[in-house]
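Please examine the sequence and the structure shown below.

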Amino acid sequence: MIKFVKRPEPSKAWTIATPILAVILTMILGGVLFALMGKDPFAAIRTIFWDPLFNDQFAAYSRPQLLVKAAPLILIAIGLSLGFKAGIWNIGAEGQYIMGALAGAAVGLAFYPTDAWWIFPLMVIAGGIGGFLWAMIPAILKTRFNTNEILVSLMLVYIAEQLLASAALSWLRNPEGNGFPGSRNLSQIPAMSNPELIAGTGTHWGVVAAFAAVVAAYVLINKHMLGFQIRLTGESPRAARFAGVKDKLLVLFCLGTAGVLSGLAGLFEVTGPAGQISIDFGAGYGFTAIIVAFLGRLHPVGILLAGLLLALTFIGGELAQFMLGLPSASIQVFQGMLLMTLLGMDIFVNYRLMVVKKEAL
Amino acid sequence: MDFGSINPVVLLASLMVASTPILLAALGEMVVEKSGVLNLGVEGMMITGAVCGFIVAVESGSPTLGFIAAALGGMALSMVFALLTQVFLTTQVPAGLALTLMGVGLASLLGQNYQGLKPPPVTDLNIPGLDHIPVIGPILFQHDMIVYVSLLSIAGVWAFLKYSRAGLILRAVGENHSAAHALGYPVRMVRIVAIGFGGAMAGLGGAYISLIRVPQWTDGITAGYGWIALAIVVFASWKAWRILIGAYLFGGITVLQLNLQAAGAKVPVELLSMSPFLATIVVLVVISARRHGASNAPAMLGRIFHASH
């Protein structure tokens with residue numbers, strides 16, 4: 001008989017090995033899925049994971065896209081990971097991302113057509129504040145009334161999407177846009193744009209912010225008292241309370257940080273790659289970032305790598321759609337499977353598989 | 001604005017139709033949570049049920065087969081969750097999220113060739129003798145089969161949890177899994193069955209949207225209903241009859257805001273569309289602000305059970 005026996009301490013080796021094994025297993029399962037859909041599984045996997053980086057024809061276009069797509073995922077996931085570590089479940093990052101973009105774009109466009117150096121920094125601040133305030137709604141409701149933050153933060157995504165629609169259709173609509181929905185194109189207004197900083201790399205201010213967030217989170221988690229308190233709260237809320245951790249403050253901090261980072265991600269996206277506020281601006285980065293956070297083991301460096309990998313699946317998925325006619329939804333299934341296999345394999349981190357002889361009862 | 005165009009009888013009758021999907025999904029999730037398991041995958045199971053039901057109903061021409069397929073589809077997806085949380089001992093919150101992410105993608109993948117098709121119509125089952133009572137007849141007794149099924153299942157779940165031995169065991173598992181295990185009850189099996197029931201109910205609710213409420217298939221058709229269902233379980237304080245109240249309350253808000261949109265109310269459409277979600281937040285706050293609001297939650301909700309011996 002096979003039994004799972006709890007390990008006294010989570011296994012370090014398995015902690016690192018499981019994400020890699022999960023990716024491999026998902027590739028196999030994904031290959032089966034693609035084969036069921038009548039596609040060549042090997043061609044599909046190669047198109048998704050290899051061609052965007054190394055194919056002579058596409059790499060020149062897709063390599064820079066890697067950082068463009070990874071930056072918002074990493075920024076958001078870093079923020080989420082702090083809360084997830086402490087058992088605070090903010091799953092409304094998508095809403096905070098939208099609100100950051102809306103707040104930043106609104107502040108910028110309020111000054112249109114002023115051309116000044118301080119407009120973009122002001123928009124960045126507004127974007128952070130927008131995401132922060134949106135995250136404060138579940139945070140304050142949680143600390144004040146003990147309301148479930150999972151449901152509130154998620155409901156706020158749907159509300160943010162409606163606000164986005166109303167912005168694109170009415171109050172931020174481009175007055176010179178011939179009646180089409182959507183705001184002015186911010187990426188074409190010099191004072192508001194978030195340009196590519198190093199030509200051909202895809203590096204924009206959001207990428208810089210993402211790397212800074214990774215470093216800051218690493219320092220916070222490993223070298224700072226607050227990081228210790230976050231980890232302690234996640235592992236043993238009771239012990240944390242005895243150790244004097246102010247749990248309400250922690251909720252505000254974790255949700256607030258996630259809100260700021262998600263808001264910044266939205267702002268950098270709307271001023272750069274997306275270019276404008278439009279109805280379909282929310283592309284699901286806030287949800288994919290949840291996968292990134294877990295795949296990265298809630299560790300800053302892990303999140304950096306996981307963000308790049310998930311970005312690759314987005315780019316490769318588009319390429320596979322274009323080259324092989326693979327439906328875009330299959331990438332979503334693929335990403336969902338990745339999270340599932342990873343979670344399933346977690347058992348090897350916390351438990352030991354033992355073969356035991358059946359005892360006489 | 002023309003409030004005169006809103007007919008209260010039609011409004012109340014359509015309220016019952018709008019509430020049924022949430023009612024079914026919330027009732028299923030309540031049973032799951034009563035067994036101590038928090039499955040955040042309701043939205044994913046609902047939309048999987050919606051697409052399975054739609055495909056089978058279109059291909060077979062039979063809505064009944066469609067509903068059966070929807071229940072099976074929701075249940076099949078819920079078994080993935082059961083495998084993760086009950087066998088591989090995964091934390092339930094991320095496992096449920098994974099289920100939703102995957103379900104939404106899967107549904108969109110399966111349904112891509114079914115956009116714009118019309119499902120076979122579902123005939124209303126008018127209750128003879130009662131359906132012609134003025135006002136009450138059209139509101140209560142001229143509905144499709146599933147509306148009656150949903151009402152019966154509320155009563156059924158209530159009686160099951162309150163009076164049956166199996167219901168008592170299910171509650172025991174949800175309140176104290178170690179004690180239930182020590183008494184020899186199969187904690188894991190009870191939970192797997194409960195998760196399967198929740199999946200089937202969510203699937204039914206989803207198919208009700210794609211086959212009756214809308215009725216057609218579009219991506220993201222469940223539009224957050226699964227999440228509202230989760231909130232309704234909290235609102236209902238894990239009591240079957242209150243699920244009915246909660247679902248009808250939200251069905252009412254949904255129908256009212258749709259009618260106001262159609263009547264051309266001088267309120268922004270976006271504000272009306274977000275109103276069910278706003279109302280959900282308000283209700284969650286009110287429930288949790290009451291001193292004993294959350295104390296009715298099953299004590300083991302979300303906890304992992306691992307028998308060490």
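A residue is called buried if 20 or more other C-beta atoms lie within 10 Å of its own, exposed if 12 or fewer do, and partly exposed in between, with C-beta atoms placed from the backbone. This is a predicted model, in which local features need pLDDT of at least 70 and side-chain atom pairs count only at pLDDT 80 or more, while totals for chains, interfaces and linings use all residues. Residues are numbered from 1 along each chain as its sequence is written, and chains are lettered from A and ligands numbered from 1 in the order in which they are written.

**Chain A as a whole**
- Chain A contains 15 helices and two strands; helices (H or I, at least four residues) and strands (E, at least two) are DSSP runs, numbered from the N terminus.
- The C-alpha trace of chain A spans about 80 × 55 × 35 Å along its principal axes.
- Of the 361 residues in chain A, 53% are buried.
- In helix 11 (residues 247–271) of chain A, the end C-alpha atoms are 36 Å apart, which agrees with the 36 Å that its 25 residues should span at 1.5 Å a residue; the expected span is 1.5 Å times one less than the number of residues.
- Helix 11 of chain A is mostly covered, with 20 of its 25 residues buried.

**Where the chains meet**
- In chain A, 37 residues are in contact with 38 residues of chain B; contact requires C-beta atoms, placed from the backbone, within 7 Å.
- Helix 6 (119–145), helix 7 (149–171), helix 12 (285–295) and helix 14 (328–345) of chain A each give two or more residues to the side that touches chain B.

**Helix 11 of chain B**
- The end C-alpha atoms of helix 11 (residues 240–262) of chain B are 33 Å apart, in agreement with the 33 Å that its 23 residues should span at 1.5 Å a residue.
- Buried residues in helix 11 of chain B include Ala240(B), Ile243(B), Gly246(B), Ala247(B) and Phe250(B).
- The buried residues of this helix pack against helix 1 (8–34), helix 6 (145–163), helix 10 (225–235) and helix 12 (269–289) of chain B.
- Leaving aside neighbours within four places in sequence, the contacts of Ile232(B) include Ile243(B), Gly246(B), Ala247(B) and Phe250(B).
- Just after helix 11 of chain B, Gly264(B) takes a positive phi of about 75 degrees.

Terms used: Two residues are in contact if their C-beta atoms, placed from the backbone, lie within 7 Å.
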